[in-house]
Amino acid sequence: MVTAPRVFNEVLLEVRRISLSFGGVKALTDISFDIRKGEIRAIIGPNGAGKTSMLNVINGFYHPQEGEVIFKGETRRAMRPHKAAKQGIARTFQNVALFKGMSTLDNIMTGRLLKMRSNVLLQALYWGPNEREEIEHRAFCEEIIDFLEIQAIRKTPVGKLPYGLQKRVELARALAMEPELLLLDEPMAGMNVEEKEDMSRFILDVNDHFGTTIALIEHDMGVVMDLSDRVVVLDYGRKLADGTPDEVRSNQEVVDAYLGVAH
Ligand SMILES: Nc1ncnc2c1ncn2[C@@H]1O[C@H](COP(=O)(O)OP(=O)(O)OP(=O)(O)O)[C@@H](O)[C@H]1O
């Protein structure tokens, strides 16, 4: 059965005419595209095309020399990552970035810190009226743990977990922030087929259940074409194409630059 493409009209985030360079290296040149509320948006392209740089611009880690980022209608000036996070943008990294000695639950709780009212972590965790707040935060984390089916490892130090599960814990931590926009940098990298299938299912479930808008970088074209509503293709820091998976797949320039070669 062929399912009709999902249609999304409301723009959640727009990047407009972004150029970013490092010394003489032009990582991004005049890139514009949008991410619409509720969609799964993929960013693809060969190694060094500028995909991770683009995510870093979106979450405020890199500040482009030219162009602007507009999130929920507001043009952003030189924003820091923690501010982007507070505004509702969360991300995971190409190489898992968790606290390896801490348990799954505690790692997920760190994703919750931004939501805590108290300034002092210890107060938020243990004392007085903050105790109720902490219980609520824990309950939310437990809900995510159930959702991502990682109950069995909630007490395990994440450094002891296989890579595929660490990636899932990282996703859980990002979800603990209750983001409106979730950025995933190669969520399936280093995974076997079964782990990729699991992760694909969880990404679709997160999008469906929480209504989270998702932008992801991924090299596995099967996964990209199955998951995404729309795909933007970068090549040497420039935008090569932008459209539905079918449009991108049949674009000759994309085939020549990227899809024609093995990944
Ligand atoms: N912090 C940095 N300092 C200097 N150059 C950088 C920096 N970050 C990225 N670059 C350069 O910008 C270009 C784009 O890199 P980027 O990591 O964004 O590509 P990518 O498409 O994510 O690649 P990959 O698929 O290999 O992860 C590359 O030439 C890279 O060397």
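**Reading strands, helices and a ligand shell**

Me: Which residue of β5 stands opposite Phe-71?

Reply: Strands of a sheet pair through backbone hydrogen bonds, and the pairing is either parallel or antiparallel. In this structure, which is a predicted model, the residue opposite Phe-71 is Glu-74 of β5. The strands concerned are β4 (residues 66-71) and β5, joined by three bridges and running antiparallel.

Me: In what order do the four strands of the open sheet stand?

Reply: The order is β2-β1-β4-β5, and the pairing is antiparallel. The edges are formed by β2 and β5 (74-76); each has a single partner strand, so one side of each is left without a neighbour in the sheet. On average, neighbouring strands here are turned by 25° against each other, direction ignored.

Me: Which strands of this sheet does α1 touch?

Reply: Helix α1 packs on the sheet and is in contact with β1, β2 and β4. The direction of α1 makes about 120° with that of β1.

Me: How many bridges join strand β1 to β2?

Reply: Strand β1 (residues 11-22) and β2 pair over eight bridges, in the antiparallel sense. One example to locate on the model is Ser-21, whose bridge partner in β2 is Lys-26. The two strands form a hairpin with two residues between them, and Gly-23 takes a positive phi near 55° in this hairpin.

Me: How many residues does helix α6 have, and what distance does it reach?

Reply: An α-helix has 3.6 residues a turn, so residues three or four places apart point the same way. Helix α6 (residues 163-176) has 14 residues. From its first C-alpha to its last it reaches 20 Å, close to the 20 Å expected at 1.5 Å a residue.

Me: Is α6 mostly covered or mostly open?

Reply: The idea is to count the other C-beta atoms around each residue; a residue is buried if 20 or more lie within 10 Å of its own C-beta. By this test α6 is mostly covered, since 12 of its 14 residues are buried. Among them are Leu-165, Val-169 and Leu-175, together with the charged residues Lys-167, Arg-168, Glu-170 and Arg-173.

Me: Why does Ala-172 count as buried?

Reply: Ala-172, a residue of helix α6, is buried because 25 other C-beta atoms lie within 10 Å. Leaving aside residues up to four places away in sequence, Ala-172 touches Ile-108, Ile-144, Ile-145, Leu-148 and Ile-150. Ile-150 is 22 residues from Ala-172 along the chain, while their C-alpha atoms are separated by 9.2 Å.

Me: What is the order of the open sheet of six strands?

Reply: The order is β6-β7-β8-β3-β9-β10, with mixed pairing. At the edges stand β6 (89-92) and β10 (238-243); each has a single partner strand, so one side of each lacks a neighbour in the sheet. The twist averages 15° from one strand to the next. Within the sheet, strand β7 (residues 181-185) and strand β8 (residues 213-217) pair over five bridges in the parallel sense, and Asp-185 stands opposite Ile-217 in β8.

Me: Which strands does α6 lie across?

Reply: Helix α6 lies across β6 and β7, at about 170° to β6. Helix α10 (residues 252-259) also packs on the sheet, touching β3 (40-44), β9 (230-235) and β10. The direction of α10 makes about 120° with that of β10.

Me: Which residues are around the ligand?

Reply: One lists the surrounding residues and then sorts them by class and by element. The residues here include Phe-22, Val-25, Asn-47, Lys-51 and Thr-52. By class, the shell has four nonpolar, six polar and one charged residues. Both β2 (25-36) and α1 (51-58) supply at least two residues of the shell, and α1 gives the most, with three.

Note on methods: Residues numbered from 1 in each chain as written. Predicted model: local features only at pLDDT ≥ 70, side-chain atom pairs only at ≥ 80, totals over all residues. Expected span 1.5 Å × (residues − 1). Near = placed C-beta within 6 Å. Pairing = 2+ DSSP bridges. Axes fitted to C-alpha atoms, helices over the stretch in contact; angles between N-to-C directions. Contact = placed C-beta atoms within 7 Å.
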